[in-house]
Amino acid sequence: MAANDALTDVAGLRVGHARVAGAAALTGTTVVLAPEGGVVAAVDVRGGGPATRETDALDPRNIVRRIDAVVLSGGSAFGLESAAGVMAWLEERGRGVRVGPDPAQVVPVVPAAGIFDLGRGGDWLIRPDAATGRAAVEAADATGSGAPVAEGGVGAGTGALVGPLKGGVGTASTVLASGITVAALVVANAAGSAVDPLTGVLYGRYFDGPVTYPRAEVHEAAQRRLAALREQAGPPPLNTTLAVVATDAGLDRPQAQKLAGTAHDGIARAVRPVHLLHDGDTVFALATGDRPLADDGPLALNEILAAGADVVTRAIVRAVLAAESVEGAGGMFPSYRELYGLDRPTGQRS
């Protein structure tokens with residue numbers, strides 16, 4: 001485990017959150033800001049209802065080589081407007097694809113994806129916009145190198161739900177024996193469940209060391225409340241889990257795309273079911289290239305692929321554990337910790 005157990009353990013990456021203001025607002029934006037010069041990037045979209053922007057630019061067959069930021073936002077497709085504020089901020093600093101003789105003539109490439117949280121706070125018309133995106137990138141820029149990352153109901157996770165439970169932002173990292181760092185940041189907002197109905201254990205916990213099982217009477221009470229919440233919720237919600245998985249390894253774009261694809265396995269371990277038609281599950285992969293891959297052929301990538309899925313699973317667990325119960329449209333969105341009477345885990349940030 002690296003210093004902060006966070007995405008920012010990949011040197012040079014910074015994370016900023018911004019929340020839309022207002023009593024009836026339950027949405028926001030999160031920006032992952034790359035270091036000067038950008039990073040290699042790729043994407044893999046598995047959900048049947050994605051809200052995305054500039055994902056085609058990340059196809060290895062196309063011209064874009066590096067990007068300067070990734071935007072994760074609430075507001076569904078409307079919230080993709082927040083990327084415009086990030087683009088403007090980057091353009092002012094001359095960061096982007098140079099398209100003219102003047103160094104100021106750049107077009108920043110800012111891939112973005114949105115979760116469905118429309119109306120969660122009570123007002124359907126409240127969504128992140130360009131100003132929200134600008135606030136989030138400014139917050140990222142204001143952090144120091146390797147800064148901790150706030151988790152739970154912040155930024156794009158402000159209005160996130162996992163089934164009927166409160167979701168949010170989570171992050172995790174690991175350092176491999178080779179010295180390469182692999183890390184992830186997720187926005188957990190799934191139509192599926194993160195909780196095993198037989199035991200009350202978060203699914204992702206089964207892949208992360210010894211499991212502590214809730215007492216039977218606590219689990220039974222939690223299941224009764226969850227069943228009541230599902231009845232009140234009506235039709236299945238429109239949701240999405242987003243992730244950014246990053247490494248300091250020197251990956252090319254096809255290798256980064258493979259990392260984005262296998263990282264989806266981390267979502268599938270922690271949420272069931274996933275990748276449904278009303279999900280927009282999307283994973284971005286970033287590679288800073290600070291460390292070379294081991295010189296033992298193409299299989300050197302395998303340990304990074306495995307670690308990418310692992311940190312995504314762990315980040316989803318952290319997102320659910322960091323979430324706080326919140327009043328939303330139609331009632332309370334309870335947290336897992338409230339249902340099961342748990343304290344906030346040490347080391348988690350909000």
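Which side chain does Asp 248 meet in a salt bridge?

Author: This is a predicted model, in which local features need pLDDT of at least 70 and side-chain atom pairs count only at pLDDT 80 or more, while totals for chains, interfaces and linings use all residues. Residues are numbered from 1 along each chain as its sequence is written, and side-chain values use heavy atoms, with hydrogens and water left out.

Asp 248 meets the side chain of Arg 291 in a salt bridge, at 3.6 Å from N to O. The term stands for a side-chain nitrogen of Lys or Arg within 4 Å of a carboxyl oxygen of Asp or Glu. Asp 248 belongs to strand 13 (residues 242-249) and Arg 291 to strand 14 (residues 282-291), so the pair ties together parts that are 43 residues apart in sequence. Strands (E, at least two residues) and helices (H or I, at least four) are DSSP runs, numbered from the N terminus. Asp 248 is buried, at 7% relative accessibility, whereas Arg 291 is partly exposed, at 37%. Buried means under 20% relative accessible area, exposed over 50%, and partly exposed in between (1.4 Å probe, protein chains only).

The rule gives 15 salt bridges. Among them, Glu 324 pairs with Arg 337 at 3.1 Å, N to O. Glu 324 sits in the loop between helix 5 (302-322) and strand 15 (326-328), and Arg 337 in helix 6 (residues 336-340), so this pair links parts 13 residues apart in sequence. Here Arg 337 is buried, at 8%, and Glu 324 is partly exposed, at 42%. Shared partners also join Asp 5, Glu 151, Arg 314 and Arg 318 into one network of salt bridges.
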